[in-house]
2 protein chains.
Amino acid sequence: MKNLDINNLRENYNLDHIDFSNVRKNPIDLFIDWFNFEKSNNYKDVNACVLSTVSSDNIPSSRVVLLKYLKNDEFIFFTNYNSNKGKEISCNNNVCLNFFWVNSERQVRINGKATKISEDDSDDYFNARPIESQIGACVSSQSEIIDIAHDFTNDVEHFKFLHKNKKIKRPNHWGGYSIIPHKIEFWQGRPSRLHDRLLYEKCKEDWIFKRLSA
Amino acid sequence: MKNLDINNLRENYNLDHIDFSNVRKNPIDLFIDWFNFEKSNNYKDVNACVLSTVSSDNIPSSRVVLLKYLKNDEFIFFTNYNSNKGKEISCNNNVCLNFFWVNSERQVRINGKATKISEDDSDDYFNARPIESQIGACVSSQSEIIDIAHDFTNDVEHFKFLHKNKKIKRPNHWGGYSIIPHKIEFWQGRPSRLHDRLLYEKCKEDWIFKRLSA
């Protein structure tokens, strides 16, 4: 039995607060404010977020994905459609995205429904990726069990040999998902765990907001 | 309609790799290795992780929690039992923890079942918290809707006035959860998205491991 005693690790968040007297009407505007603040600080992987999905037997699963577009108020990421997340989304497309921007002591939690984007839009993004990432998408069967000593270098070299001077086509099993949000919460860490929380919920075409207790 | 065009944000992970020829037999050992590495670098909030739960209508929900102990191979965090996460766990105790250590390009994904720890153990941790955090736990009805202009300072002052010179008792609605893991995946970012993934699954009393495709 192994132990790790870390109850003395403790940050007291105090960098900022949410000004509840002057709240953005639209959460997408606030998301863009916060996102651009992270980006302007050149923090690493500011577009990384944890995507949670649910299996057919109601077990949650989460992994990091990278937000690639926020388009018409929808959050878009790309993946292998045959991965575990793809399989889970095909049965239950309720998902949650969690951005935790630790340096700013901020968190954004997004609930919504995920659907595949159009093949054309997936092609556009695939074609804009570096060739090495295109090859990566072609040679990996994401989430499948592989030999412990597997060497992807061989796969990549073999693929390059077969596709010399040819444009690499997006594989059918690879593409984007768009998340249409219906709930977005903004969280700003505060001293003594009395954090600021602002929840937006979609009500027909409008967003309404509420403050939540810490 | 708002847009954010960020498809040019791109990190090519290359800091480390998993040595598949020399794998730890027990994932808890590997977790401790990776955790201590983060801690030794003094990164902020290395014990922060995203906890995912599932609602009774099979919608995932995720938020950051802080790991406070790893004890007898179980992962322990503390919260308000009446919060949304507490309510969801009481109906479905399948949860997922996701640690994303961005500076090391590492991720650990833990699946397990959450149960409340003993009242004595919750008391022990509560009594070790700073008094301001103890008061915070007493005055906040976590996740409840509150007035947009609510001022916690008043609640804290009122609580202090009522409890002058008295030891603060842990409220019944506040305590720890312990997660018994049955699946732990280690992910190390690699160039061109051909990441290293090592999955451990509990099989009776033993852990077996497999390598997963990127």
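Select A:Phe186 and A:Tyr200 to start: both are buried, meaning under 20% relative accessible area with a 1.4 Å probe and protein chains only, where over 50% would be exposed and in between partly exposed. You are looking at a predicted model, where local features need pLDDT of at least 70, side-chain atom pairs count only at pLDDT 80 or more, and totals for chains, interfaces and linings use all residues. Residues are numbered from 1 along each chain as its sequence is written, chains are lettered from A and ligands numbered from 1 in the order in which they are written, and side-chain values use heavy atoms, with hydrogens and water left out.

Next, move to chain B and pick B:Phe186 and B:Tyr200. Their ring centres lie 5.7 Å apart with the planes at 80°, so this pair is edge-to-face. (Rings of Phe, Tyr and Trp, the last by its six-membered ring, pair if their centres lie within 6.5 Å; planes under 30 degrees apart are stacked, over 60 edge-to-face, the rest tilted.) B:Phe186 sits in strand S9 (residues 174–188) and B:Tyr200 in strand S10 (residues 196–203) of chain B, 14 residues apart. Strands (E, at least two residues) are DSSP runs numbered from the N terminus. Both B:Phe186 and B:Tyr200 are buried.

Back in chain A, select A:Phe31, A:Phe35, A:Phe75, A:Phe99 and A:Trp101, which together make one aromatic cluster.

A:Arg106 holds its charged end over the ring of A:Trp34, 4.2 Å from the centre. Likewise, the charged end of A:Lys116 lies over the ring of A:Tyr81, 4.3 Å from its centre. "Over" here requires NZ of Lys or CZ of Arg within 6 Å of the ring centre and within 35 degrees of the ring normal.

Note on methods:
Helices (H or I, at least four residues) and strands (E, at least two) are DSSP runs, numbered from the N terminus.
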